[in-house]
Amino acid sequence: MAKTTQAAAANFDPLARVYRALEIVAFGGDLERARFCLLPRLAGCRSILILGEGDGRCAERLLTVAPSARIHCVDSSPAMIAQAKARVAGKGGGERVTFECADVLGREFPVAGHDAVVTLFFLDCFEPEQAEAVVGRIAAALQPGARWLFADFVRPEKGLARLRARLWLAVLYAFFRWQTGLRVRALPPSEMLIEKAGFEGIAAATFQHGLLRTRLFVENRQSRIEKIQRC
Ligand SMILES: C[S@@+](CC[C@H](N)C(=O)[O-])C[C@H]1O[C@@H](n2cnc3c(N)ncnc32)[C@H](O)[C@@H]1O
């Protein structure tokens, strides 16, 4: 059983068909750029877990980018999963991509099951303690040296960019609350949680004046332990 309890996950079904169009209206192609600019760094992976996959664009892209990978997608929205299945069908996806409709907060992950995990605009759906539980549980289950591809909204450090981000985040969280019932109102410290779980950032890119950031992390617990022991 999962250690974290909560009300049912937000229901993204109403957005499944329009999600892509909405993001283009709001941010042009920048969400797509943030999602995929570091994706080629997963090329050699063989077992990739996508959490909160959404409408299947990442799984579809990974079929080409990581030709040897099996891809497992978890999402709590049946309508998103239906979109994703339709998207990858006929592109070799039937063989290599599997789907699971589940709330990640209620899901255990098999230890050493995957050599990469992808969380794109997903961890922002959680309160800080929920995000910490999800990150910790996944981190513990990944293979040594595993990769973590992250993309999400972030708050820039200062200035007009920070003010702009504050306004956008207020609008976005209000919108998702209205459409999906999402109760979260602020970003969790996702990148810090991933680092705390033993991962080291090795590449990053930002878009939209710092509002969108993608980072590639590599599991590095052993070197952290060695550093602590040397101190
Ligand atoms: C903001 S969308 C992002 C979708 C996609 N990753 C992208 O880059 O656009 C969040 C996705 O996470 C899923 N989701 C939200 N909370 C979840 C949970 N607790 N367990 C599993 N999936 C969840 C939603 O159904 C939705 O498809």
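**Salt bridges and burial in a predicted model**

Biologist: Why is E32 called buried?

Modeller: E32 has 16% relative accessibility, and buried means under 20% relative accessible area, exposed over 50%, partly exposed in between (1.4 Å probe, protein chains only), so E32 counts as buried. This is a predicted model, where local features need pLDDT of at least 70 and side-chain atom pairs count only at pLDDT 80 or more, while totals for chains, interfaces and linings use all residues. Residues are numbered from 1 along each chain as its sequence is written, and side-chain values use heavy atoms, without hydrogens and water.

Biologist: What makes E32 and R35 a salt bridge?

Modeller: The term requires a side-chain nitrogen of Lys or Arg within 4 Å of a carboxyl oxygen of Asp or Glu. For E32 and R35 the closest N and O atoms are 2.7 Å apart, so the pair meets the definition. R35 is buried because its relative accessible area is 7%.

Biologist: Why are E32 and R35 about one helical turn apart?

Modeller: Because they are 3 residues apart in helix α2 (residues 30–36). Helices here are DSSP runs (H or I, at least four residues) and strands likewise (E, at least two), numbered from the N terminus.

Biologist: Which residue of helix α3 does E32 pair with?

Modeller: E32 also forms a salt bridge with R57, with closest N and O atoms 3.0 Å apart. R57 lies in helix α3 (residues 57–65), 25 residues from E32.
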